Amino acid sequence: MGADEIIYKLKKKRYTQTMIAKMFGVSHVAVHQIIYGNSKSRRIQQKIAEILGQEIEDIWPLNAA
C-alpha cells in the first residue's frame, strides 16, 4: 500500500497525521515520515494498521521485522 493510499484511508476514517502525532507525543512530520517509509516506529505503524483494520505487514511489507 502506498503512502497516498494510507493517508486517504486515514482521512476516510476521520484521522489526520496530526491526530495520530498527538496520540503518541510526536510531530506530524514524524508521522508523515513513518507513513512514507522514511522512518520507523513499530508502535505508530501498529496504531495506523489498527485504525485501517489491516495487518502491519500488509501496509509496510518490507518493514515487518
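In which handedness of crossing does H2 pass H4? The crossing is right-handed, that is, the near helix is turned clockwise from the far one by less than a right angle. The contact involves Ile20, Met23 and Phe24 of H2. From H4, it involves Arg43, Ile44, Lys47, Ile48 and Ile51. Contact here means heavy atoms within 4.5 Å. Six of these residues are nonpolar, none is polar and two are charged. Ala, Val, Leu, Ile, Met, Phe, Trp, Tyr, Cys and Pro count as nonpolar, Asp, Glu, Lys and Arg as charged, and the others, Gly among them, as polar.

The model is predicted; local features need pLDDT of at least 70, side-chain atom pairs count only at pLDDT 80 or more, and totals for chains, interfaces and linings use all residues. Residues are numbered from 1 along each chain as its sequence is written, and side-chain values use heavy atoms, with hydrogens and water left out.

Two packed helices are described by the angle between their axes and the distance between the axes. For H2 and H4, the angle is about 130° and the axes lie 11 Å apart. H2 is therefore oblique to H4. Axes are lines fitted to C-alpha atoms, for helices over the stretch in contact, and angles run from 0 to 180 degrees between N-to-C directions. Angles under 35 degrees count as roughly parallel, over 145 as roughly antiparallel, 65 to 115 as roughly perpendicular and the rest as oblique.

H1 also packs on H4. Their axes come within 10 Å and cross at roughly 60°. This makes H1 oblique to H4. The crossing of H1 and H4 is left-handed, with the near helix turned anticlockwise. Ile6, Lys9 and Leu10 of H1 meet Ile48, Ile51 and Leu52 of H4. This contact has five nonpolar residues, no polar ones and one charged.

Helix H4 spans residues 42-52. Helices are DSSP runs (H or I, at least four residues), numbered from the N terminus. Ile44, Gln45, Ile48, Ala49, Ile51 and Leu52 of H4 are buried. They cover an arc of only 160° around the axis, so they sit on the same side of H4. The arc is that of the directions from the helix axis to the C-beta atoms. Their cover includes H1 (3-12), H2 (17-24), H3 (28-35) and H5 (56-59). Just after H4, Gly53 takes a positive phi of about 70°.

Arg14 lies in the loop between H1 and H2. Arg14 is not a glycine, yet has a positive phi of about 65°. Arg14 counts as exposed because its relative accessibility is 71%. Buried means under 20% relative accessible area, exposed over 50%, partly exposed in between (1.4 Å probe, protein chains only).

Definitions and conventions
Helix = DSSP H or I, 4+ residues; strand = E, 2+ residues; numbered from the N terminus.
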